[in-house]
Amino acid sequence: MVAIQFGTVMRESGIKSRVWQLAQTFVTVALPGASGSLSGCAWAGGKGAGVSAKSETETVMAKTDVAMKQSTLIDRNNSRQDAALHDWSRGHAEIPRGLMRPRTAAFVFAGVVLVVLLFASGTGRSQSAMSALPLAASTPAGNPSSPARIALGRQLFWDPVLSGNKDVACGTCHHPRFGYAENLDLSIGVDGIGLGGSRRFGRGTTIPFVKRNSQTILNVAFNGIDETGRYTPSAAPMFWDMRAVSLEQQALVPIKTHEEMRGNAYPEDDAVAVVVGRLAANAEYRTLFSSAFGGSQAVTADNLGKALAAFQRSLTATQAPFDRYMRGDANAMNASELRGMRRFERIGCANCHKGPMFSDFQLHVLGVPDNPKLPASDAGRDVPYAFRTASLRNLTMTAPYMHSGVFNTLEDVLEFYDDVRGRGGRRGGGVNRSRNPNVSRDQLDPLLQRLRGVDDDDPDLIAFLRALSDEEFDRTLPTRVPSGLPVGGRIQ
Ligand code: HEC
Ligand code: HEC
């Protein structure tokens with residue numbers, strides 16, 4: 001079933017890699033010592049002898065490592081599998097260095113032959129880590145979507161009445177002109193004037209920059225989606241450090257945040273109550289809330305979050321060239337984009353950027369540089385310097401990139417990966433270098449260390465990344481909002 005759906009991709013990604021995937025499966029099953037140790041080395045930070053030792057077995061091992069990587073692309077339970085292998089290898093730490101003795105090598109060879117035969121007979125089944133977006137987003141049980149909720153959420157999204165000084169709206173930093181993100185490295189909220197790259201602080205302000213780059217909310221409805229297309233909207237991870245869960249809960253956070261919307265107008269604990277009070281005092285909002293949620297007391301913090309969530313869930317863009325290609329339109333992607341897609345998987349980008357959103361929705365330490373505009377280093381939250389794998393959807397519209405907004409172009413991003421990993425020749429030894437002085441080399445994510453052969457000058461890869469964008473989406477702003485304030489705040 002899956003194989004049929006991804007048939008085209010499998011044709012494109014080539015028979016060779018598929019054989020290696022299956023060969024790896026064989027090696028994993030029949031020779032747990034070999035693959036377990038390899039995997040263990042990778043997880044221990046690439047410092048183990050298996051990766052760095054120059055032995056005659058290096059080639060086989062490097063290839064097995066490639067296969068390992070590729071097998072993780074197709075394995076739904078890859079992290080569990082890796083963890084199991086890791087545990088296994090720890091329990092077998094004294095396994096001798098020369099893993100691939102002649103007899104073992106013979107076994108591996110026999111395995112590969114077997115696998116080739118299996119492949120030829122058509123029993124091999126495979127699945128790509130990448131797939132098209134669903135055409136519509138699901139809603140959580142507590143907040144079914146309706147035209148009235150979406151319409152109310154849209155008014156709220158553009159109404160600066162939600163901010164302390166009534167000068168910032170959600171749309172100030174999430175604007176359709178920039179794919180519902182912002183063309184600015186670090187956002188400017190309270191006391192800001194202008195839009196995108198020309199937004200600046202008004203004179204004499206004491207408000208600091210927002211700590212991070214604004215994320216797009218286009219397709220945020222799909223946050224948390226896995227490779228099989230499953231996701232739970234009520235548990236969807238939000239923010240670069242995943243500190244909020246679900247659109248419903250996230251929506252109230254900017255209202256409380258000092259530099260985003262609250263400013264010095266009221267204390268954090270009062271913010272939501274003050275804003276709800278403002279809305280309840282407005283007859284037009286009272287009517288809109290009643291028709292969206294029913295009852296005469298419908299203006300509540302809970303419903304404010306639900307309406308904003310319902311509107312944001314309606315902002316989807318699911319017809320990128322990649323999506324159309326995956327749904328069967330063989331002409332939707334050109335030759336360069338297809339070459340780029342193969343490279344994306346081969347290099348190992350898809351080990352983290354996977355599923356329909358091109359994110360595993362996990363935290364990883366990459367050592368991305370801090371933004372020099374900030375007074376202090378941004379260490380994220382629970383795990384030091386770990387940030388969520390960014391979705392690669394709609395990158396054509398959402399520069400600059402990374403949580404700190406330090407890279408202006410996709411070429412800059414590739415240069416970063418090239419720099420951190422190095423090209424390391426055909427077999428890809430790689431160097432591992434941290435670009436953030438607060439992050440040591442050893443802290444870098446194991447999957448980052450597994451990248452092989454990144455090249456900062458790779459037009460095909462860039463073409464593929466651009467093919468993940470769909471520029472046909474709702475770009476409309478309301479002509480007025482119920483408060484009568486300027487739509488979108490001070491963005492003129
Ligand atoms: C001053 C600019 C600014 C304003 C105003 C603002 N945001 Fe954001 N938004 C950001 C930034 C910056 C981030 C990333 C913050 C982080 O990760 O710490 C973000 C993140 C988000 C996310 C998470 C997206 C994801 O994929 O995780 C959502 C959803 C969101 N904002 C919705 C809203 C809503 C709804 C409002 C209005 C109530 C709003 N924003 C107001 C700048 C802003
Ligand atoms: C170890 C997991 C991992 C691997 C491997 C990886 N990435 Fe990333 N990627 C991330 C994380 C995490 C972020 C966000 C980092 C941050 O902001 O600090 C990110 C951010 C990005 C961004 C910025 C997106 C935005 O909206 O700001 C791009 C583009 C990108 N990666 C492309 C790639 C490419 C191309 C490759 C392969 C060469 C790759 N990534 C390999 C985890 C990974």
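This note comments on a helix packing arrangement and a ligand shell in a predicted model.

1. Basis. The model is predicted: local features need pLDDT of at least 70, side-chain atom pairs count only at pLDDT 80 or more, and totals for chains, interfaces and linings use all residues. Residues are numbered from 1 along each chain as its sequence is written, while chains are lettered from A and ligands numbered from 1 in the order in which they are written.

2. Helix α15. Within α15 (residues 283-293), the buried residues are Tyr285, Leu288, Phe289, Ala292 and Phe293 (buried: 20 or more other C-beta atoms within 10 Å of the residue's own, C-beta atoms being placed from the backbone). They fall within an arc of 105° seen down the axis of α15, and so line one face of the helix (the arc is that of the directions from the helix axis to the C-beta atoms). These buried residues pack against α9 (147-158), α14 (271-280) and α16 (301-313) (contact: C-beta atoms within 7 Å). Gly294, with a positive phi near 80°, follows α15.

3. Helices α9 and α16. Their axes, lines fitted to C-alpha atoms over the stretch in contact, come within 7 Å and cross at roughly 100°. The two helices are therefore roughly perpendicular (65 to 115 degrees). The contact of α9 with α16 comprises 9 nonpolar, 1 polar and 3 charged residues.

4. Ligand 2. Cys349, Cys352, Ala390, Tyr401 and His403 come nearest among the 26 residues around ligand 2 (C-beta atom within 6 Å). The largest share of this shell, 3 residues, comes from α19.

How values were computed
A residue is buried if 20 or more other C-beta atoms lie within 10 Å of its own, exposed if 12 or fewer, and partly exposed in between; C-beta atoms are placed from the backbone. Helices (H or I, at least four residues) and strands (E, at least two) are DSSP runs, numbered from the N terminus. Two residues are in contact if their C-beta atoms, placed from the backbone, lie within 7 Å. Axes are lines fitted to C-alpha atoms, for helices over the stretch in contact, and angles run from 0 to 180 degrees between N-to-C directions. Angles under 35 degrees count as roughly parallel, over 145 as roughly antiparallel, 65 to 115 as roughly perpendicular and the rest as oblique. Ala, Val, Leu, Ile, Met, Phe, Trp, Tyr, Cys and Pro count as nonpolar, Asp, Glu, Lys and Arg as charged, and the others, Gly among them, as polar.
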